[in-house]
Amino acid sequence: GRFYDHDGNAYDEPRDIAGHSVALQFLGTFCLWFGWYGFNPGGTLFISSANFGDAASLAAVNTSIGASAGALSALFTHTIIDERKTG
């Protein structure tokens with residue numbers, strides 16, 4: 001494990017987790033993004049008439065801005081935490 005060995009004894013420092021597949025990360029991100037765009041703007045068009053395309057486009061823009069804001073927040077938080085660890 002990351003924190004304990006096979007006998008249940010705690011490590012002095014947590015062990016590093018090996019890197020993951022970039023292809024699977026991209027695939028998961030694409031699936032989530034496709035679902036967001038299918039649900040948010042698609043749901044707006046489904047519950048209203050075709051004349052409300054502005055509401056669907058606003059939902060698509062808000063989805064993009066929300067995803068971008070989440071990515072930037074994670075980037076800055078990770079950078080700040082690493083800076084505090086390393087000085």
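Where does Pro 14 lie? Pro 14 is in the segment before α1. The model is predicted: local features need pLDDT of at least 70, side-chain atom pairs count only at pLDDT 80 or more, and totals for chains, interfaces and linings use all residues. Residues are numbered from 1 along each chain as its sequence is written, and side-chain values use heavy atoms, with hydrogens and water left out.

**Overall form**

- The protein chain has 2 helices and 0 strands; helices (H or I, at least four residues) and strands (E, at least two) are DSSP runs, numbered from the N terminus.
- The chain is more spread out than a compact globule, because its radius of gyration is 21 Å, well over the 12 Å that the globule rule gives for 87 residues. That radius is taken over C-alpha atoms, and the globule rule is 2.2 Å times the number of residues to the power 0.38.
- Along the principal axes, the C-alpha atoms fill a box of roughly 65 × 30 × 20 Å.
- Of the 87 residues, 6% count as buried. Buried means under 20% relative accessible area, exposed over 50%, and partly exposed in between (1.4 Å probe, protein chains only).
- Accessible areas come from the Shrake-Rupley method with a 1.4 Å probe; for residues, only the protein chains shown count as cover.

**Segment before α1**

- Pro 14 is partly exposed, at 39% relative accessible area.
- Not counting residues up to four places away in sequence, Pro 14 touches Arg 2 and Phe 3; contact means heavy atoms within 4.5 Å.
- Between Pro 14 and Ile 47 there are 33 residues of sequence separation and 50 Å in space, C-alpha to C-alpha.

- The structure holds 2 aromatic pairs. One of them joins Phe 30 and Phe 34, which are stacked at 6.3 Å centre to centre with 25° between the planes. Rings of Phe, Tyr and Trp (its six-membered ring) pair if their centres lie within 6.5 Å; planes under 30 degrees apart count as stacked, over 60 as edge-to-face and the rest as tilted.
- Phe 30 and Phe 34 both belong to helix α1 (residues 22-47) and are 4 residues apart, about one turn of the helix. Phe 30 is partly exposed at 49%, while Phe 34 is exposed at 60%.
- The rings of Trp 33 and Tyr 37 are also paired: their centres are 6.3 Å apart and their planes at 25°, so this pair is stacked.
- Trp 33 and Tyr 37 are 4 residues apart in helix α1, or about one helical turn. Trp 33 is partly exposed at 41% relative accessibility, and Tyr 37 is partly exposed at 28%.

**Helix α2**

- Thr 63 lies in helix α2 and is buried, with a relative accessible area of 10%.
- Leaving aside neighbours within four places in sequence, Thr 63 is in contact with Trp 36, Tyr 37 and Asn 40.
- Ser 64 is in helix α2 and is partly exposed at 26% relative accessibility. The C-alpha atoms of Ser 64 and Gly 28 are separated by 17 Å, with the two residues 36 apart along the chain.
- Ile 80 is found in helix α2 (residues 53-86) and counts as exposed at 52% relative accessibility.

**Surface patch**

- Leu 72, Leu 75, Phe 76 and Ile 80 make a nonpolar surface patch of about 410 Å².
- Patches are made of residues with over 30% relative accessible area and no salt bridge: like charges are joined within 9 Å, nonpolar side chains (Val, Leu, Ile, Met, Phe, Trp, Tyr) within 5 Å. A salt bridge is a side-chain nitrogen of Lys or Arg within 4 Å of a carboxyl oxygen of Asp or Glu.
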